[in-house]
Amino acid sequence: MNVHHHLDDTTLLRYASGDLDEAFLVVAAAHLAMCDHCRHAAHMAEEVGGELLETSDQAVLGADAFERVMQRIDSGEERITAKRQGTRARTGDVPLPLQRFVGNSLDAIRWKSVAPGVRKHDIKLSGPSTSSLYMLHIAPGKALPEHGHGGTEMTLVLSGAYRDELGRFGPGDVADLDEHVEHQPKVEQDAPCICLVATETPTRFKGIFSRILQPLVGI
Ligand SMILES: [Zn+2]
């Protein structure tokens with residue numbers, strides 16, 4: 001798969017160290033299932049992180065540990081085939097880490113219309129969480145309101161494509177955005193765009209979904 005937009009380095013390390021909240025974990029794992037580059041990097045981070053912990057008396061990572069890990073990953077000095085089984089989709093068009101939540105077919109997902117041209121499917125997480133996970137089905141040619149982010153938001157394209165100030169996002173591409181990024185995504189004309197979105201539970205109406213709803217609820 002031709003992936004151009006990847007997980008942030010910090011996200012990869014948090015994934016590797018088991019530090020991601022469930023919604024973000026699912027999006028990151030789904031991206032890894034679609035992206036050889038990040039799967040390799042995450043595996044390296046796990047390997048190197050484990051090594052550092054094993055060789056450290058007090059299990060405290062040095063200040064340069066992050067850079068060392070990323071240098072080794074970037075240089076590709078160690079070619080390690082991902083041993084993690086089950087990250088690749090075996091059947092259907094839904095990445096395997098997402099299949100236990102929504103099944104294996106995008107066609108079978110039940111959408112709820114939330115705004116003109118925008119449909120949503122909420123995904124129930126397995127426990128209490130400070131983040132939420134949902135899918136969006138956005139009509140061809142539809143532009144979303146320009147929005148910033150009240151917190152971190154991670155969007156993975158599963159089908160179709162959109163463009164914004166950061167470029168074109170097609171299947172497998174992930175937008176791993178912090179609260180400083182403002183953008184206005186517009187879906188390409190030829191097909192709807194289906195995305196998987198993890199967002200920190202907004203304290204105010206700042207996230208993408210709230211901005212979609214904003215004109216409807218008159219905030
Ligand atoms: Zn990637």
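**Ground rules.** I worked on a predicted model, where local features need pLDDT of at least 70 and side-chain atom pairs count only at pLDDT 80 or more, while totals for chains, interfaces and linings use all residues. Residues are numbered from 1 along each chain as its sequence is written, and side-chain values use heavy atoms, with hydrogens and water left out.

**Entry 1: salt bridges.** I searched the whole structure and got six salt bridges. The criterion is a side-chain nitrogen of Lys or Arg within 4 Å of a carboxyl oxygen of Asp or Glu. Asp19 is partly exposed, at 43% relative accessibility. Arg14 is partly exposed too, at 36%. For burial I used these classes: buried is under 20% relative accessible area, exposed is over 50%, and partly exposed is in between (1.4 Å probe, protein chains only).

**Entry 2: the Glu188 network.** Which residues are linked with Glu188 in a network of salt bridges? I found Arg163 and Arg168. Arg163 meets Glu188 at 3.1 Å, N to O. This pair links distant parts of the chain, 25 residues apart: Arg163 is in strand S5 (residues 162-164), and Glu188 is in the loop between S8 and strand S9 (193-200). Helices (H or I, at least four residues) and strands (E, at least two) are DSSP runs, numbered from the N terminus. Arg168 meets Glu188 at 2.8 Å, N to O. Is Glu188 buried or exposed? Glu188 counts as buried, because its relative accessibility is 17%. Arg163 is partly exposed at 47%. Arg168 is partly exposed at 39%.

**Entry 3: Glu153.** Glu153 sits in strand S4 (residues 153-159). Glu153 is buried, and the nearest side chain of opposite charge, Lys120, is 10 Å away. For charge, Lys and Arg count as positive and Asp and Glu as negative; His and the chain ends are not counted. What does the Glu153 side chain contact? I found a polar contact of 3.4 Å with the side chain of Thr199. Such a contact is a pair of N or O atoms within 3.5 Å; within protein, one must be able to donate a hydrogen and the other to accept it, and residues adjacent in sequence count only if both atoms are side-chain atoms.

**Entry 4: helix H1.** H1 covers residues 9-16, and its buried residues are Thr11, Leu12, Leu13 and Tyr15. Asp8 caps the N-terminal end: a side-chain oxygen lies 3.0 Å from the backbone nitrogen of Thr10. Gly18 follows H1, with a positive phi near 70°. Asp9 lies in H1. The C-alpha atoms of Asp9 and Ala42 are 9.3 Å apart, and the two residues are 33 apart in sequence.

**Entry 5: negative patch.** Asp8, Asp9, Asp178, Glu179 and Glu200 form a negative surface patch. Patch members have over 30% relative accessible area and no salt bridge; like charges are joined within 9 Å, nonpolar side chains (Val, Leu, Ile, Met, Phe, Trp, Tyr) within 5 Å. Asp9 is partly exposed, at 33%. Asp178 is partly exposed, at 34%. I placed Asp178 in the loop between strand S7 (174-177) and strand S8 (186-187).

How values were computed:
Accessible areas come from the Shrake-Rupley method with a 1.4 Å probe; for residues, only the protein chains shown count as cover. The place of a charge is taken as NZ of Lys, CZ of Arg, CG of Asp or CD of Glu.
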